[in-house]
Amino acid sequence: MEGRSRVNEKITAAILLVFSLLYFFKGLSLQVGVPKNPGPGFIPFIIGILLVSCTGFYIVRVFRKGDLGGKGEKTSEDEKKNYVAILGITACAVLFPLILETLKFLITTFVVSFFMFLALKPKKRAFALFLAAGMSVASFLIFSRLLGVALPMGFLETFFFRLGG
Amino acid sequence: MWEIGLGLLGGFATALKPLYLYYALIGAILGTITGVLPGLGPLGAMAILLSFTLTMDATGAMILFAGIYYGAMYGGSTTSILLNIPGEAASVVTCIDGYQMAQKGRAGAALAVSAVGSFMAGTIGILGLMFAALFLADVALRFGPAEFFAIGVCGLILLVRLTGGSLLQSFIMILVGMALTTVGVDFLSGIERFTFGSVELSQGIDFLPVAMGIFGIAEVLTTVEQKELLQKVKKVRLRELLPNRQEWKRSMPAAFRGSILGFFIGLIPGPSPVIATFVSYVAEKRLSKTPEEFGNGAIEGVAGPEAANNSAVGGAYVPLFALGIPFTPAMAMVLGALMLHGLTPGPNLIKDKPDLFWAVIASMYIGNFMLIILNLPLINLFVRILQVPKHILMPMIVLICIIGVYSVNASQLDLFMLAVFGFVGYFLRRVGFQAAPLILAMVIGPMIETSLRQALNISGGSLAGVIFRPICLSLFILASLTFVIPLALKIFKPARRGKPEDPKKERRSPDE
C-alpha cells in the first residue's frame with residue numbers, strides 16, 4: 001500500500017496539471033497580439049506554457065518517484081492527524097457563506113461556531129453550545145457596534161444592536 | 001540631512017497623537033501574542049487583521065502592522081527561551097542557547113538580553129531604513145517599465161532560491177499566483193479574461209481572501225491536525241531579569257553585529273528575518289573565543305540572532321517603501337493594506353505622502369520602546385496565552401478571518417475563496433509546497449505584466465531592448481548567478497575532493 005503522503009502528492013500533481021491545461025487552453029481564446037503591441041492574452045500565453053511545462057515535469061517526477069520506491073510508507077504520524085477537525089472546520093468555512101443571507105449573522109455564526117467546537121471537542125456538546133452562543137453575540141457586538149462592520153441583520157441582530165445602546 | 005531631521009520630527013508629531021499611539025500599542029500587543037503562539041506568526045496576524053485596517057486611515061494601518069511585525073519578533077523569543085518552542089520561524093535559533101540558559105536558571109537574563117538586543121537592532125534597522133529608502137527611492141524615480149519588470153522578476157527568482165524547498169514546486173506556486181492575477185478585466189484593453197461570464201470574477205480575484213485563506217485558515221488547519229499539548233510555564237521573577245556584568249559585556253557586541261548583519265540580509269528577497277538569525281548565529285560562533293559554549297547556553301547565541309531578526313524587519317521595509325515591491329510575504333501584506341487604502345506604493349510614495357512615511361518610521365521607534373517596556377514585566381502574562389486550549393482559540397481565529405473577509409466587499413464569492421484557498425493552502429503545505437511564492441506573485445504579478453507590456457511597447461517589440469539595459473542586465477545576471485553558483489559548486493565539489501574511496505562510506509556520511 002502506498003504512503004498517504006505519496007498519494008497526496010500524486011493527487012496534487014494531477015490537479016495542478018489539469019488546472020494548467022485548462023488555463024492554457026482558455027488563454028488561447030484571448031488575443032495574444034504581437035511583441036510591439038502585446039494583447040490581453042500575451043502574458044496568459046507565456047504563463048500557460050510555463051505552467052504546463054512545470055506541472056508536466058512535476059507529475060512525471062512524482063509518478064516516477066512512486067514507482068521507484070515510495071511504497072509502504074504509511075506512517076503512524078499520518079494516522080494521528082485529526083482529520084475530523086480539518087474537514088469539520090473546512091466544511092464550516094464553506095457553510096458560512098451558504099447560509100449567511102438566509103439565517104443572518106447571529107444564527108449563522110452560532111451554527112458554524114457550534115460545529116467547529118464540536119469538530120475539535122466532540123464530547124463537550126453543552127460546552128460547545130454555550131461557547132458558540134457567547135461567541136456569536138460577542139463577535140456581533142465587537143464587529144458590528146465597535147468596528148462598524150456591516151453585517152447581515154435580521155430581527156435578532158436588530159434586538160442586540162439596540163441592546164448595545 | 002536637514003530634510004531627514006525635519007521629516008522625522010514631523011513623523012513624531014503625527015505618531016505621538018493618541019490614536020496612533022493606541023494603534024502602535026495594539027499592534028505591539030497583538031504582535032507579541034502572535035509571536036508567543038506557535039503556528040500563528042506575524043504573517044497570519046497581518047492577514048487576519050488586513051481587512052480591519054479599512055476602518056483606519058493608511059497611516060494607522062501601517063503603524064498597526066509595524067507594531068505586529070516587531071511585536072512578533074519579540075514574542076517569538078519568549079517561548080523559545082522559556083519553553084524551547086519557537087513562536088515563529090525567526091526564533092528557532094534562539095531555542096538552541098536560550099533554552100539552555102533557562103535550564104541553568106538564567107532565563108531572565110536571556111529574556112532581558114534578547115529584549116535589549118532587539119531594541120538596539122530595531123533602532124539600527126530603522127536608521128538604515130530611513131537612509132536607504134530615501135536614497136533608493138531617489139534612484140528609482142529614474143526607473144522605467146523595463147527596470148521595474150527586471151526588479152519584479154529578479155525578486156521572485158531570488159525568493160524561489162532563498163525560500164528553500166523544491167525549486168520546481170516554488171516555480172509552480174509563482175506561476176499559479178501569476179495566473180490568478182490575470183483573472184478579471186484586462187486594464188489595458190478592457191477585455192475580460194478567465195471570468196467564465198461571472199460578474200464577480202470580472203473584478204478579479206482579490207488578494208485578501210487568498211492571503212487570509214492560505215495563511216490564516218491553512219494555519220488553523222495545520223494547528224488542529226496535531227494533538228494538543230498544554231505547556232507548563234516556568235515563572236520568571238522581575239529581579240531575575242537583570243543580566244550580570246559579564247553577560248552584558250558578551251552580549252552587546254553580538255547584538256550590534258547581529259543588527260548590522262540583519263539589516264543587510266533584510267534587503268534580500270525571501271524569508272530574511274529567518275535567514276538573518278542563522279547567519280548571525282554562525283557568525284557569532286565563528287567569532288567566539290569559546291565556541292564550545294554554543295549549544296550549551298552561550299549568551300551571544302541569543303543576543304546576535306535576536307538582534308538580527310529585528311533589524312531584518314527594518315531592512316525588509318526598504319524595497320517596499322522605495323520601489324513599491326515587497327520582497328517578503330509579510331511585506332506583501334503591508335502592501336495589500338496600502339492598496340486597500342487606495343495608495344500606490346513606489347518611489348513616489350515617499351514624495352507624495354511624506355507624512356505617512358515619516359509617521360511609520362517614528363512609530364517604529366515608539367513601538368520598539370513600548371515593546372521593551374511591555375515585554376519584560378508582562379512576560380509571565382504573555383506566556384500564559386499558551387495555556388488557552390486550542391479548541392477554543394482556533395474557531396475564534398476562523399471566525400475572525402470570515403468576518404474580516406466579509407467586511408471588505410460583503411461578497412459571497414470572497415468567502416468561498418477564503419474556504420477554498422484555506423483548504424488548498426493546507427493541502428499544498430502537506431505535500432511540501434510553500435505558500436509565500438504564490439502570495440508574492442499575486443502581489444507583484446500585475447506590476448510585472450504592466451511593466452513588460454509597456455516596456456515592449458516602448459522598445460518597439462524588441463525583447464533585447466528590455467533585457468539589455470544596464471540595470472536590467474545586472475539584475476538578470478544576479479538572478480541567474482543564484483542558479484549558476486550552486487550548480488557550479490555541485491559540479492566542482494566532488495572533483496576537488498577527488499573520487500570517493502568507498503561508495504558505501506560516501507552514502508553513510510550524511511546520516512552521521
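1. The centres of domain 1 of chain A and domain 2 of chain A, taken over C-alpha atoms, are 37 Å apart. Domain 1 covers 4–78 and domain 2 covers 82–163; these bounds come from an automatic or database domain assignment.

2. A word on ground rules: this is a predicted model, in which local features need pLDDT of at least 70 and side-chain atom pairs count only at pLDDT 80 or more, while totals for chains, interfaces and linings use all residues. Residues are numbered from 1 along each chain as its sequence is written, and chains are lettered from A and ligands numbered from 1 in the order in which they are written.

3. Chain A has six helices and two strands, in the order α-β-β-α-α-α-α-α from the N terminus. Helices (H or I, at least four residues) and strands (E, at least two) are DSSP runs, numbered from the N terminus. Of its 165 residues, 33% are buried, that is, with 20 or more other C-beta atoms within 10 Å of their own, C-beta atoms being placed from the backbone.

4. Now to where the chains meet. The contact (C-beta atoms within 7 Å) takes 49 residues from chain B and 50 residues from chain A. On the chain B side, helices H8 (167–181), H9 (207–224), H17 (390–409), H18 (412–430) and H19 (436–458) each supply at least two residues. That side of chain B has 32 nonpolar, 10 polar and seven charged residues. Here Ala, Val, Leu, Ile, Met, Phe, Trp, Tyr, Cys and Pro count as nonpolar, Asp, Glu, Lys and Arg as charged, and the others, Gly among them, as polar.

5. Two of those helices also pack on each other. The axes of H9(B) and H19(B), lines fitted to C-alpha atoms over the stretch in contact, come within 11 Å and cross at roughly 170 degrees. H9(B) is therefore roughly antiparallel to H19(B), the term for angles over 145 degrees. B:Phe207, B:Val210, B:Ala211 and B:Ile214 in H9(B) meet B:Leu438, B:Ile439, B:Met442 and B:Val443 in H19(B). By class, this contact has eight nonpolar, no polar and no charged residues.

6. Finally, have a look at B:Ile325, in the loop between helix H12 (300–323) and helix H13 (329–340) of chain B. Why does B:Ile325 count as buried? Because B:Ile325 has 25 C-beta neighbours inside 10 Å. Beyond its neighbours within four places in sequence, B:Ile325 touches B:Ile151, B:Gly152, B:Gly155, B:Pro319, B:Leu320 and B:Ile444.

Technical notes
Buried ≥ 20, exposed ≤ 12 C-beta atoms within 10 Å, placed from the backbone. Contact = placed C-beta atoms within 7 Å. Axes fitted to C-alpha atoms, helices over the stretch in contact; angles between N-to-C directions. Parallel < 35°, antiparallel > 145°, perpendicular 65-115°, else oblique.
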